[in-house]
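Here are my notes on how the two chains sit together. Have the picture open while you read them.

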Amino acid sequence: MAVERFPVEASHILMFARSIGDTNPIYSDPEYAAGTEVGSIIAPPTFAQSSAQFDPDYFLRPKPDKKWFGSGRTASGTLVRDLSEADGDDVADEREDDKQSGAAAGGLHAEQHFTYHRHLKPGDVLHTVTYDGERWEKQSKRAGILKFSEAVTEYRDEDDELVITAKGVGVVTEKVIDN
Amino acid sequence: MALSASQLNVGDSYSEQIVDDLTRTQIVQYAGASGDYNPVHTDEKFVTEVAGYPTVFAHGMLTMGMTGRMVTNFVGDGRLTYYGVRFTSQVWPGDTLTAKAEVADIRDEDGQKLVDLTITTTNQDDRPVLTGQATARLDD
């Protein structure tokens, strides 16, 4: 998953800050920001994750020409509905085949790490490079076998300078965890 | 407002209530802003009938984002050099979360003073939903 062009825009930063309930004017008011140490609007620390908006193939966004696994006329628009009714072994096989259509959404986000080389600001145009990190398994009483996988994403600017290094860890659980 | 190394001690802490009675609408708002439209976060029918959860739940990244607000309110804007978390429990609509940062270390790296923070976000039952660390630049 690579994003070729991730333009960082003031309106997107504003929307993102609102969604996390952050009213700090550093994210919305250019005049206030000009008088601060950073000197301009910056993006909140977790904003880089919204590069998903600029990944044309991002599988957790509905697309007009593809079936979506969320509900419509039925509880799910894709194979996931059939998977829930199939036997165990078939589910495992089909899950492997069906990653793109959304069965992989059975995965949960286990960890997220950001290393900041500098902070993002409107006008930055980034691109990303993602590579796979470690993979490991763990046995859990609550959720069965847990399969962890790590992905490292480098956010680079137009000069190819590293701006943020992100590391995400995903986990696929054998059973649903409902606390 | 940035923090000064001279005024900070290991063991100092700062906390904020980061959300009171989390709404499904805020989860939708985060989906829209972040671009993560996984229906487990917004689609009651899908999440209960297909995914098998009791109701929708928040994106881990929403909790990390709201917790980040507490961190930047503490250390100042543009001061973070690292922020990393582990999601330890799910966050549900109706949850009230409190995020806390505790000073674990104050150190010097190439002449730059840094603070290492231990971060914990707990829900109304005192259950940790997020644990993590952050590092920020300090004034001398």
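1. The crossing of H1(A) and H1(B) is left-handed (the near helix is turned anticlockwise from the far one by less than a right angle; clockwise would be right-handed). Helices here are DSSP runs of H or I with at least four residues, strands are runs of E with at least two, and both are numbered from the N terminus. This is a predicted model, where local features need pLDDT of at least 70, side-chain atom pairs count only at pLDDT 80 or more, and totals for chains, interfaces and linings use all residues. Residues are numbered from 1 along each chain as its sequence is written, while chains are lettered from A and ligands numbered from 1 in the order in which they are written.

2. Who does the touching? On H1(A) the contact is made by A:Met15, A:Phe16, A:Arg18 and A:Ser19, and on H1(B) by B:Gln29, B:Tyr30, B:Ala33 and B:Ser34. Contact means that C-beta atoms, placed from the backbone, lie within 7 Å. These residues split into four nonpolar, three polar and one charged (Ala, Val, Leu, Ile, Met, Phe, Trp, Tyr, Cys and Pro are nonpolar; Asp, Glu, Lys and Arg are charged; the others, Gly among them, are polar).

3. Now look at H1(B) by itself. B:Ile27, B:Tyr30, B:Ala31, B:Ala33 and B:Ser34 are buried in this helix (20 or more other C-beta atoms within 10 Å of their own). Their cover includes H1 of chain A together with helix H3 (60-75) of chain B.

4. Zoom out to the whole interface: 45 residues of chain A are in contact with 41 residues of chain B. On chain A's side, E2(A) gives the most, with eight residues. By class, that side has 21 nonpolar, 17 polar and seven charged residues.

5. The strands meet too. E2(A) pairs with strand E2 (residues 80-87) of chain B in the antiparallel sense over five bridges (pairing takes at least two DSSP bridges). Here A:Glu111 stands opposite B:Arg86. E2(B) also pairs with strand E5 (residues 128-137) of chain B, antiparallel over seven bridges, and B:Tyr82 faces B:Thr135 there.

Conventions: Two residues are in contact if their C-beta atoms, placed from the backbone, lie within 7 Å. A residue is buried if 20 or more other C-beta atoms lie within 10 Å of its own, exposed if 12 or fewer, and partly exposed in between; C-beta atoms are placed from the backbone.
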